Amino acid sequence: MCGIIGYIGDRSLKEVLYNGLVKLEYRGYDSAGISVLSSEQNDNKIATFKATGKLHHLGEKIKNEKIIGHLGIGHTRWATHGVPSTVNSHPHNSSDNSISIVHNGIIENHAELRASLTQKGYKFLSATDTEVIVHLLDDNYTGDLAETLRKILPLLEGTYALACISVKEPDVLVCARKGSPLVVGLGKGENENKENFIASDVSAILEYTDQVIFLDDNEVVAIKKDQVKVWDENHNLKTIAPTTIEWTLETAEKGGYAHFTLKEIHEQPKVISDTLKGKIKGNSAVIDEINLSQEELENISKIHIVACGTSYHAGLTGKYIIESELRIPVEVDVASEFRYNNPIISSTDLVILISQSGETADTLAGLREAKKAGAKTIGIINVMGSNISREADGTIYTNAGLEVGVASTKAFTAQLIALYILTLFLGEKKASISEERRAYMIENLQKLPKMAEEILKMESTIAEKVSIFDGAISSIFIGRNINTAIACEGSLKLKEISYIHAEAYPSGELKHGSLALISDVCPLVAIATKSSTYDKVKSNIEEVKARGGKIITLATVGDKEIANISGEVIYVPEIDELFSPIVNVIPMQILAYYTATSRDLDVDKPRNLAKSVTVE
Ligand code: F6R
């Protein structure tokens, strides 16, 4: 949702805070701000700068400001309470400007807290839920900011990652988290014991350190230049060993591409190999991070997959893969519905949570619901140390690296690879996939990086075909079987970055209503690669052609016939239908990308969206 950065040390505060916010802008981009403890003439003062709109507005505002100091916090906002405006943007300061805070999350009982603070004479400037926190800190201040924060946290209901500074304690940055991500970055090398950082995610501090501490819920941390103190929820001091982050700085840079989204689309061949790497040995899948016994694995009789958005589409694909190979029933649920539907979960069920961020509030709640019911849980997660990865019984990390584009691309293909690996793993443990079949599956998986490369070489050919969407106000995507899920993902990509409405269906469903929409302003995007249902899909395309529809079809290389019924064709390499989702989704991503750029849209930061949805 929102992004938080904080720094204590001797580097240029302006640079560390602003550059950090640039890396975090994907988390929210309707306003931004920083507060710095300015120590000119040894007179500590908090200076706060805020601007609405994209981050560069803040950049322009602070460009000529002389910012001297060694302690500061910054925030990029995705509004929840209060419209995007300068006054509602963070940081929020106490009335005497002695305390400043930034917050990511939602304080659910803010109205009651606001009423009681107002009675005490506190004046609220903003419409945010966050402002209650700074007034509570002021009201309860004991002379020790960390102690005060520990004192007021039990009063807050909801979720938070927050950071605060005070003029009265110019050498400490105090933070806490519950349900929203926050990491502490440790000064490294020459700067060990000279500086420390905090951030919503590691991308913001990766250029300075790869040594981080992942905080747990309800922990409070006081950070000085040379010291990090962490208190657990019972107010006991605790020691947390740092984790080394393996993501490289390049993943946080555009590397010559016009957009992160395009760069991430291009990273897919490597992401596929990286996700496979180390997890395939001979004819077996090896997953070290699954802490379930052989007996527990053997007993699994039903699988639930719980996820949101693109990750949900990976789940829909996973259902086909698992059911066809393991013959175990799989139910896929949108995470925001799962726990409200009174799900039937038994202790022999396996619940798979798919999430790029590992922080999506609804998916996390789904995990907790599953654990409450006694089911076994496995996360398919990209971000190390995230909530879901820490709470699930096991995690398969997708080695996609940092994904910055708000529209998920490489994380999706990595999730699919993880699902194939998990299927192989369960198939061997449950003795339901023969060694010969496993060898066949692995052989196909290993072909995928090369095939992805071949598809990327067709980028300019695919880009030329976006004229099919000229003047379009809507579109229909069709697929069948496993590729229905890819039609769903293709339609989501198109709508979220090009703002063209799109719907997806199993192709046989079209004639039951949606065919009425087909017109000059509503083209059809069909997935008709070689499959057991190829002829059926072809007939459905014919039905659209007979009604004068504009059609673009994804077909298998060598399929000449399809060109007679489809106005435009994108050819992809041939592979067994089971593995075709990976091959088919990449052209869909490229199509959506170039449709968006042809409309001059900000692909990396689509309107109204944020990368991590840590609120319900
Ligand atoms: C769409 C997209 C979102 C996410 C969804 C879940 O391109 O990125 O639909 O897939 O918000 O996020 P994660 O995977 O982090 O749980």
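Figure 1. The shell around the ligand divides into 4 nonpolar, 8 polar and 2 charged residues. Here Ala, Val, Leu, Ile, Met, Phe, Trp, Tyr, Cys and Pro count as nonpolar, Asp, Glu, Lys and Arg as charged, and the others, Gly among them, as polar. In total 14 residues surround the ligand, a residue being near a molecule if one of its heavy atoms lies within 4 Å of it. The closest are S311, S355, S357, T360 and E496. Residues are numbered from 1 along each chain as its sequence is written, and side-chain values use heavy atoms, with hydrogens and water left out. In this predicted model local features need pLDDT of at least 70 and side-chain atom pairs count only at pLDDT 80 or more, while totals for chains, interfaces and linings use all residues.

Figure 2. Taken alone the ligand exposes 410 Å², of which the protein buries 89% (Shrake-Rupley method, 1.4 Å probe; for residues, only the protein chains shown count as cover).

**Figure 3. The second largest pocket, where the ligand sits.** A pocket is an open set of points on a 1 Å grid over the protein atoms alone, where a 1.4 Å probe fits, with protein on both sides within 12 Å along at least five of seven lines; lining residues have an atom within 4 Å of a point. The ligand sits in this pocket, meaning that more than half of its atoms lie within 2 Å of the pocket's grid points. The second largest pocket holds about 610 Å³ of space, a volume being the space filled by probe spheres set on the points, which are joined across faces, edges and corners. Its lining has 31 residues, with C308, G309, T310, K611 and V613 nearest the centre. α9 gives the most to this lining, with 4 residues (helices are DSSP runs of H or I, at least four residues, numbered from the N terminus).

**Figure 4. The largest pocket.** The volume of the largest pocket is about 820 Å³. Among its 42 lining residues, E246, W247, N382, G401 and L402 lie nearest its centre. Helix α7 (residues 268–276) gives the most to this lining, with 3 residues.

Methods
Helix = DSSP H or I, 4+ residues; strand = E, 2+ residues; numbered from the N terminus.
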